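I write down each term with its cut-offs where I first need it.

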Amino acid sequence: MFFVAGITGRVGGTAAGLLLDKGHAVRGLVRDPAKAAEWVAKGVDVRQGDLNDAAALAAAMEGVEGAFVMMPPNFAPQPGYPEAKAIVAALKEALAKAKPPRVVALSSIGSEKTSGLGLITTTHLLEEGLSDLPCPTALVRAGSFIENALGGLGAAEATGVYYSFYQPTDLAVPTIATVDIGAEVARLLTSEWSGKRIVELGSPVTADEMAAAMGEVLGREVKAQAIPREQWTKTIEGFGFPAGTTWGYEEMLDGVNSGWINFGVEGTEAVAGTTTPAEVFAEARKG
């Protein structure tokens, strides 16, 4: 039995599916079990609760062979990241009580830094919280999700332009598909190791290459175009962010563009992605 957080999401869902395919039992924790009906039908032990609930977390992790934990996405946190700190505290309490024999955590590039991270601060806090676990621990520092570019696919089809926050457009940014993250999580959960491992997961992809992949799938020429820095706030608010909440997203993007947030940290393991942007875009088009 393995505990998998986020089974209704892309990463957790992929990991859970692969574990089930290999004959392993899976347990998950969701706020609304009705939204996990498909997993119940597949035999997953779905418990009700959330990542702020230390008691529910501990009960869900009791007796498992390994646990996968992650920070739920929060693109508009409060200053000081109180939401992330509360989840880290709950996870620490639950892990201390349940004592799973191994833990895999989804982190992010840049999480070793202590400042200038923006939204990646949440995974920095997670890594800090898990730093003294007595069991084997693996931190998966994933690159930027390829799926983050899906929002630009429609505009690319209509205009032939892929608008990018990552710039210049030939800047190579660590990038990974969520299915590859889920596969690495499942692999680690079913592996044996001692001590602490840190995996840098992804491959370098430029905005120009992302645009070319879109063009390949759309059957038309697509060129990458950088979104001017002075237009970021307005553009991000256009995604639905409330006014005054874009600061974390912007600081993260600045960190990537400056090279502050990147792969290549000493002592980490490098694992390349296997799913290409074109494959992710083609799959999205099918839906």
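The entries below follow the order in which I looked things up.

**Entry 1: ground rules.** I am working with a predicted model, in which local features need pLDDT of at least 70 and side-chain atom pairs count only at pLDDT 80 or more, while totals for chains, interfaces and linings use all residues. I number residues from 1 along each chain as its sequence is written, and side-chain values use heavy atoms, with hydrogens and water left out.

**Entry 2: overall form.** I looked up the secondary structure and found eleven helices and 13 strands in the protein; helices (H or I, at least four residues) and strands (E, at least two) are DSSP runs, numbered from the N terminus. Along the principal axes, the C-alpha atoms fill a box of roughly 55 × 40 × 35 Å. How does the radius of gyration agree with that of a compact globule? A compact globule of 287 residues would have a value near 19 Å, and the protein has 19 Å, so the two agree; the radius is taken over C-alpha atoms, and the globule rule is 2.2 Å times the number of residues to the power 0.38.

Entry 3: Buried residues make up 51% of the 287 residues, where buried means under 20% relative accessible area, exposed over 50%, and partly exposed in between (1.4 Å probe, protein chains only). I then turned to contacts, meaning heavy atoms within 4.5 Å, and noted that among those between residues at least 6 apart in sequence, 76% join residues at least 24 apart.

**Entry 4: the cores.** A nonpolar core is a set of buried Ala, Val, Leu, Ile, Met, Phe, Trp, Tyr and Cys residues joined through side-chain atoms within 4.5 Å. Which residues touch the most other members of the largest one? Of its 61 residues, these are Phe-3, Ile-7, Leu-57, Phe-68 and Val-104. Helix H4 (residues 82–98) gives this core its largest share, eight residues. A second, separate core has 18 residues, including Tyr-162, Ala-177, Ala-211 and Phe-281.

**Entry 5: Leu-57 and Asp-50.** Leaving aside neighbours within four places in sequence, I found Leu-57 in contact with Phe-3, Leu-29, Asp-50, Leu-51, Ala-90, Leu-91 and Ala-94. I followed this list to Asp-50, which sits in the loop between strand E3 (45–48) and helix H3 (54–61). Asp-50 counts as partly exposed because its relative accessibility is 24%. With neighbours within four places again left aside, Asp-50 is in contact with Leu-29, Arg-31 and Leu-57. Asp-50 and Ala-5 are 45 residues apart in sequence, yet their C-alpha atoms are 9.3 Å apart in space.

Entry 6: Helix H5 (residues 121–129) holds Thr-122, and eight of the nine residues of H5 are buried. What covers these buried residues? The cover includes H4, strand E5 (103–108) and strand E6 (137–142). Thr-122 has a relative accessible area of 16% and is therefore buried; apart from neighbours within four places in sequence, Thr-122 is in contact with Met-71, Tyr-81 and Ala-84. In the loop between E5 and H5 I found Thr-114, which is exposed, with a relative accessible area of 67%. Thr-114 and Leu-125 are eleven residues apart in sequence and 9.0 Å apart in space, C-alpha to C-alpha.

**Entry 7: backbone details.** Tyr-81 has a positive phi of about 55° although it is not a glycine, and its place is in the loop between strand E4 (66–69) and H4. Is Tyr-81 buried or exposed? At 8% relative accessibility, Tyr-81 counts as buried. Lys-99 also is not a glycine and has a positive phi, of about 50°; Lys-99 lies in the loop between H4 and E5 and counts as exposed, at 62% relative accessibility. The peptide bond from Gln-167 to Pro-168 is cis, with omega near 0°, and Pro-168 is found in the loop between strand E8 (161–164) and strand E9 (173–176).

**Entry 8: a buried glutamate.** I ended with Glu-250, which lies in helix H10 (residues 247–258) and counts as buried because its relative accessibility is 9%. Not counting residues up to four places away in sequence, Glu-250 touches Arg-229, Trp-232, Thr-233 and Ile-236.
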